[in-house]
Amino acid sequence: MTTIVHVVNQFFAGLGGEDRADMPVGVIEGSAGAARGLQLQLGEEAKIASTIYYGDNYFHEHKEDALKAILEAVRSAQPQALVAGPAFNSGRYGVSCVEVCNAIANALGISCVTAMHQENPGIGTYLDFANTRVYCLPTAETTAGMNDALKRMAKFAIRLAHDETVGSAQQEGYIPRGIRRLEQTNRPGAERAIEMLLKKIKNEPFESELPMEVWDEAPPAPPLAQVKERRIALVTTSGVVPWGNPDRFKTYRNTHWRKYNIAELKELEPGKWETVHGGYNVAYMNQNPHYGVPLDALRSLESEGAIGPGKLYPAYYVIPGNQGSPAVMRRVGQEIAADLKKDNVEGVLFVAT
Amino acid sequence: MKLEIAEFPVKQIRLCQRFSYGNQLLEVDEPGLINLVLQDPRISDASIAVAMPGERTRITGIRDIVEPRHKVSGSGQVFPGILGPIEDVGDGRTHRLSGMTVIAAAEYEGTIRAGTTVQRSAILDMFGPGAKISRFSSHIHLVVSFRIVSGLAELEAHTAIQLAEYKIAHRLAQTTVGLSPEKIVTYELDKLEPDLPNVMLVQGCITDPQHVHSGVGYYGLSLRDSMATFLHPNELFDGAVTVDTTRSGRGYYPTTLDWQNHPLVLALYEAHGQSLNFGGIILQRIRFETYHGKEVGAQNAARLAHAMKADGVLVTWIGGGNAFVDVMFTIRACERKGIKTTLVTYENGGREGKDSPVLFYVSEANAVVSTGSLDRTLALPAMDKVIGPYEEIKIFPFPGAAPVSAREPLSLEARDVMIGGADLWGQGTWKCVEY
């Protein structure tokens, strides 16, 4: 018999509303609350071994404990698949469903399905995790869509439990996780392109093969007051490194950063530094590394008193930026920022190329 | 303008001491070809080998791939401005040897240590998973391996490599003079169907104007800070657009053969008079260094498309990084003029496909065809035979990269190290699908 576990919040477990949102994790044998509806849809094909519930607030205020308790409960039920939600437009519930699915999939290797409305904040968490074992189905905004959601979740859960191959988001109807896989089609790209363009010219519906992405906005930090009292560091994506490229940076798609000591140096001497970067002609930077690491200018600012004595950080940070993947660069930026913070750096001169 | 392409298929190449073509067999005068190459004092140690599909062979040091062609009528000669005089091409009759290529495989270390203009070479596997992803593994290759004399700067090295491969290819195609082809395909754009939409191709080209060869040659002249220009597709078939052989075939750079057989041009010709009128090509320089340059370049290309009365354009490109901003601006500029666009592009996306597939978006780019991702690792088995100048190769062109044995198993972190492993213009059937 195929076994499923259903995870719901206190409300859908039938244990109370907002006033009971502090309820810790609990387990009911078999199905209860909304899980009864799910069992109905599963029919004879699968059995809900247990229903795990928690208060919406409890989960977020005690996330680690909550996940641990849920993990134990799921482990002892030994299901082949897990269902969480549906959460509709309930934000706290939606996020928790995704968190539970992600934790269970990672710890136990069990495939999970959840469901919620497209605008639920849980979708953001779902996209961040992009877990290959977690699927989220779109639902209506409100519980008016309960039956439809449970029906689709039941079908999906049974397929996951049977370890069936799950196709693309478009084929299967789950919300795409931003995972793009290479596939072979039966028609060359050139033919598909002409067909798509002709449909567009004729105002017929067409489907793009690449969805638009929305980018993070990075608002500039407010200007530093009293710069000469601040500790200043230099960070660059120019790719200027010691000659010989000791840390083996590549000219593109780098994944690590380094810092190089400049404490004792007045300037960067040509021939002792070189530029590793695939995105521009590096000949000029090799002749004059100050284009990427303007130590000469910083030293004159120091002597003028614009940068306080000893306030220039003794090393500069570098990663060649060419073709950097946004996710890697976000991580690298965070690592560099943490390192700067640790050393009490207050301002950064960022030299991009 | 009317061009007849006469096809002479090659199924077998025999290295001997004479040139002839018949029954799909190409006989090649090996010493004759080597002498032809060694006439250039910049080249030493030339040798010739044949690589067949399915052989456990790895070809190293690949600088370019070209399809042998020869013009038997019409003005000019193939590769105008390089082999032939600077004269109109694209009219008359051109012979092609199909199913085979000439590969220029040269040892050259270059004078530039890193950057966009650093020399690089590619490999090709004729067997196994590497062969599976390359459009070139199904061809028969005449591989010309040679060494460039030391100390040559990039432009000199490029012209030496290019002249050698084009001369050889041209000589091979001349074996068909006076013979009747297996097939003739006629290419002309003059007949228009009044009810069909006018569709053009906007071909964006990354160029490095500060480099001695910008990366794209037009009648042998390298394109620099030019504005967009009109190109008749037949000019491409006769080799009016060429590459920088110290960098081609690797990453997002096409080979000469790709320009000679541009898949979007061929597909648009196929549809010409059936579902659309093919209005020709706009060759556009991209990767302007400033926002100002990117906007002017993009709007200029859109104005040209508008002046040519395009109803729609396929937009595609060669390049990476910020050149994609120029591409996206071009799409926006076209759409604002009422010209419908569809973009054909490769993706990145990282090893697992979880990262951003492309680097920049505009909301007008709502019709995109994916040709697959470059960022996929590839494990290659050991080969029985290595052809080419390098027994040891550098997978990455960065300073200090350690060379590895070309014969042993290789692990590539991206598909574009294998020549033909990146589908730039939708010739292949790969695409990325959202999961």
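Biologist: Which residue stands opposite Thr114(A) in β5(A)?

Modeller: In this predicted model, strand β4 (residues 81-84) of chain A pairs with β5(A) in the parallel sense over four bridges. Within β5(A), the residue that Thr114(A) faces is Ala84(A).

Biologist: How many of the six residues of strand β5 (residues 111-116) of chain A are buried?

Modeller: In a regular strand, side chains alternate between the two faces of the sheet. Here Ser111(A), Val113(A) and Ala115(A) point one way from β5(A), while Cys112(A), Thr114(A) and Met116(A) point the other way, and all are buried. The strand is thus mostly covered, and the number of buried residues is six.

Biologist: Are helices α7(B) and α8(B) parallel or oblique to each other?

Modeller: The axes of α7 (residues 291-307) and α8 (residues 323-336) of chain B come within 8 Å and cross at roughly 45°. Angles under 35 degrees would count as roughly parallel, and 65 to 115 as roughly perpendicular. The two helices, α7(B) and α8(B), are therefore oblique.

Biologist: How do the residues of the contact of α7(B) with α8(B) divide?

Modeller: From α7(B), residues including Ala298(B), Ala301(B) and Lys294(B) take part, and they meet residues of α8(B), among them Phe329(B) and Asp326(B). The residues of this contact are eight nonpolar, three polar and three charged.

Biologist: Is Thr377(B) buried or exposed?

Modeller: Thr377(B) lies in the loop between β21 (368-373) and β22 (378-380) of chain B. Leaving aside neighbours within four places in sequence, its contacts are Arg351(B), Ser411(B), Leu412(B) and Glu413(B). Because Thr377(B) has 10 C-beta neighbours inside 10 Å, it counts as exposed.

Notes: Residues numbered from 1 in each chain as written. Chains lettered and ligands numbered in written order. Predicted model: local features only at pLDDT ≥ 70, side-chain atom pairs only at ≥ 80, totals over all residues. Axes fitted to C-alpha atoms, helices over the stretch in contact; angles between N-to-C directions. Parallel < 35°, antiparallel > 145°, perpendicular 65-115°, else oblique. Contact = placed C-beta atoms within 7 Å. Nonpolar A, V, L, I, M, F, W, Y, C, P; charged D, E, K, R; others polar. Buried ≥ 20, exposed ≤ 12 C-beta atoms within 10 Å, placed from the backbone. Pairing = 2+ DSSP bridges.
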